[in-house]
Structures are given as structure tokens and as C-alpha cells.
Amino acid sequence: MKLERYGHGGDLATATEAYGLPQESWLDYSSNMNPWGPPEIVGELMKEHWRDVAKYPDPAVRRLRAKLSETYRIPAESILVGNGAAELIDLVVRVFKPEETVLARPSFSEYEEAVLKAGGRTRSVLLREERMFELANAREFASGAVFLGHPNNPTGRLIPAHVLDELREAGSRMIIDEAFMDFVPDEEELSYIRRASESEQIQVIRSMTKFYAIPGIRLGFMVAHPDLIRRLAEAQTAWSVNFLAQLVGEAVLDERAYAERTKTWLLEERPWLSGELRSLGLVVYPSDVNFLLVSLAGLEGWNVGRLQRAMAGRGILIRDASLFEGLNDSYFRIAIRLRPDNERLIKELKECLR
Ligand SMILES: Cc1ncc(COP(=O)(O)O)c(C=O)c1O
């Protein structure tokens, strides 16, 4: 049974069906969550406010939008909150219906699924291994719409500023998924949020589930010109952002110490883990975020299917990256976790590959 049978990593229920280990026993490297877990305040709010689920949530998500507006210094009218970035990926494509959408490959599979569901078609531009999967130029992109991860999943790389500038000049509709941007130290400078709030050409999608480790809550937001936000809001399902998600979203934005700790940890852990993986003979690509794309190309007899099964047998889940168009069966993706887990990962990988 494919561990990604529902299209994503982090599917512990499927892993348990396939291998029999209880869900809480897995060491999950296959989904890219902040390993510090949800901030404590999330638990406190749930305990304190559980009775409030007896009421409908605010349909206009006013308090959280005001908080996002203050945090990112953009008008609240430019913000639409959604049931995870996943809802907004779907919504933006459903509302704007571009005929052709250009995707860089490999990239997050939901972009294509959303386009096809909305009756559009996609065109792929390949990110090249020899360029370390960096998007090199915008020449191949001249099209009605482009949907890009910034940073991109599964490659973990930011889009160079000159490429984004060229796309802007070419007049493409730019839908930019910044689901992992919070992990980038120069986030404020590199994010397109500010530009999206002013221009009809650019829409930015953000997730709050990765950085705050709350994927079970479902929370993301979109930034766009207020006229576009109004159109998107009209097409959104009523009450799609539940009461707890709104409350939690507001509170985690104040968790400055949590954010700092996460960024400091990542700056140290990413080079350490990359170095350890390289010392096992693996090829590790440069990453700007909290996960790594890795290749088994140098190791004879190994492919990702074999490694994923062997590691699952040891209680560790890794993401089969060959399922991303543009990658072959030598690629896998792993999250970066805290040092004790990472030491166990390296030990098990070493034994496995021996
Ligand atoms: C690149 C990218 N964008 C968006 C999402 C969806 O995030 P959310 O949990 O906010 O729906 C994911 C989840 O894996 C992702 O990897």
C-alpha cells in the first residue's frame, strides 16, 4: 500500500494500516511540521473556550484579520482567511479560472489538482537538478497565470528576486504559495505579501499550519487586492474557518519567543543534518526551509520505494518524492526535526544503507 495514497505525507492512519505500528509510535519525517509542536497557548485556549463551540464562528473572521493586518502591516480588506492554505489554493483557481497555468516541476501537487478541477490546463517548466532545482529565469513562463511555491515544496528553495521581477514585468497573473515563508529568516524582505495587497496581478497564499504545527486545526490566509478579496470571499463556503482556528490564529501571532526559537534552531540544525546525510553518501540539495530534498543516486541498488519500506519497518516515515512530477525514484524528502530525533534518523539510515 502506498503511504501517500491520499496524495500527501504525514498520513499516519495509512502508515498504521500498512505496517501495523500504532499511530503514536511513528517518527514522522514525511510531513514538514515545526517539530517544536503547537505553542502551549493552543492547549490553554482550547481548554478555556471549548464551550464557545456552541456558537457559530465570525463569518467575516474580523479579529484574526485585524491581527494579521497589524502583524504584516497590510490592510485587513486585503486579507481572506481560509480553512488551511489548501482551501485557498482551490478557491483562487476556481474564481479566476485561468485557461493555462504554468507550474514549476517538481512542486506541490495541489496546484495541478486545483487547476484541473476548475477545468483549466497546466504547462510544466522543469526545475533542473544541475541548477540545484533553482528556478533560473522567467523566459519559459510567459503565460496567463503562474502558480509558484516561494519557497517551493519539495525542493525547499526560494524563487530568486530577479525571476519574480521578470514575471511581474511580463504581466503574468502570479499566484504565490508562501506556505513555508515563516521559516525563512529574511521573510519580511522576501515575502510578496505587501505587493499582493496593492496589485491585481499578484495573490499570495500563506499557511499557518506548518510554522505553528497546527495542521489538525486547518488555517491559512490569502493576500490580494481588496477587489479580488471580495470576489474570493463571495465564492468561499460559509463559516469555513471554525471558531477554534480563529482563536488560535490570533494567539499564535503573538508567540514571538516561539518564532525566534524556531528560526534559531533551524539555522543550526539544517547544516548539521545535511552534513550527516552527506556523510552517508546521499546527495542533499540546498534548502531555505525546514525540509530537505535528498537523492539516493550515488548508492547502488537503492531506490526510494525500498528505502521507504525499510525505514517504515524501523518506525520512521519518509516522503517518497518520486511522486512529484519531475523527480525519479532516487528522491526522497524529509522534514528537519529536533536533534535527538535527527540522531535516531541518521543511525537508522546508516544501518539500513549499510
Ligand atoms: C507547499 C504547500 N502549500 C500548501 C499546503 C497546505 O497547507 P495547509 O495545511 O495550510 O492547508 C501544503 C501542505 O503540505 C504545502 O506543502
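Before I talk about domains: the bounds I'm using come from an automatic or database domain assignment. This is a predicted model, with local features requiring pLDDT of at least 70 and side-chain atom pairs counted only at pLDDT 80 or more, while totals for chains, interfaces and linings use all residues. Numbering starts from 1 along each chain as its sequence is written, and side-chain values use heavy atoms, with hydrogens and water left out.

So, the layout. Domain 1 takes in 12–31 + 257–353, and domain 2 covers 40–252. Taken over C-alpha atoms, the centres of domain 1 and domain 2 are 26 Å apart. Where they touch, domain 1 puts in 20 residues and domain 2 puts in 27 residues; contact here means heavy atoms within 4.5 Å.

Let's start with the seven-stranded sheet. A quick word on naming: helices (H or I, at least four residues) and strands (E, at least two) are DSSP runs, numbered from the N terminus. Two strands count as paired if DSSP finds at least two bridges between them. With that, we have an open sheet of 7 strands, ordered β2-β8-β7-β6-β5-β3-β4, and the pairing is mixed. At the edges sit β2 (79–82) and β4 (121–126), each pairing on one side only. From one strand to the next, the twist averages 20°.

For angles, axes are lines fitted to C-alpha atoms, for helices over the stretch in contact, and the angles run from 0 to 180 degrees between N-to-C directions. Helix α3 (residues 62–72) lies across β2, β7 (202–207) and β8 (220–223), at about 125° to β2. Helix α9 (residues 226–235) lies across β2, β6 (173–177), β7 and β8, and runs at about 25° to β2.

Helix α9 also packs on α4, at an angle of about 105° with the axes 10 Å apart. That makes α4 roughly perpendicular to α9; the scheme is under 35 degrees for roughly parallel, over 145 for roughly antiparallel, 65 to 115 for roughly perpendicular, and oblique for the rest. On the α4 side you have Leu91, Val92, Arg94, Val95 and Phe96, meeting Leu228, Arg231, Leu232 and Ala235 of α9. By type, that contact splits into 7 nonpolar, no polar and 2 charged residues. For the record, Ala, Val, Leu, Ile, Met, Phe, Trp, Tyr, Cys and Pro count as nonpolar, Asp, Glu, Lys and Arg as charged, and the others, Gly among them, as polar.

Next pair: α2 (residues 40–49) and α10 (residues 243–252). Their axes come within 10 Å and cross at roughly 140°, which makes α2 oblique to α10. From α2 the contact uses Ile41, Val42, Leu45, Met46 and His49, and from α10 it uses Phe243, Leu244, Leu247, Val248, Ala251 and Val252. The tally is 10 nonpolar, 1 polar and no charged residues.

Over to another sheet. In it, β10 (residues 291–295) and β13 (residues 331–335) pair over 5 bridges, and Leu293 stands opposite Arg333 of β13.

Then there's α11 (residues 256–279) with α13 (residues 339–353): the axes come within 11 Å and cross at roughly 10°, so α11 is roughly parallel to α13. That contact divides into 6 nonpolar, 1 polar and 5 charged residues.

Most residues other than glycine have a negative phi, and most peptide bonds are trans. So which peptide bonds are cis here? One joins His150 and Pro151, with omega about 0°, and another runs from Asn153 to Pro154, with omega near 15°. Pro151 lies in the loop between β5 (145–149) and α6 (161–170), and Pro154 is found in the loop between β5 and α6. Finally, Lys97, in the loop between α4 (84–96) and β3, has a positive phi, near 40°.
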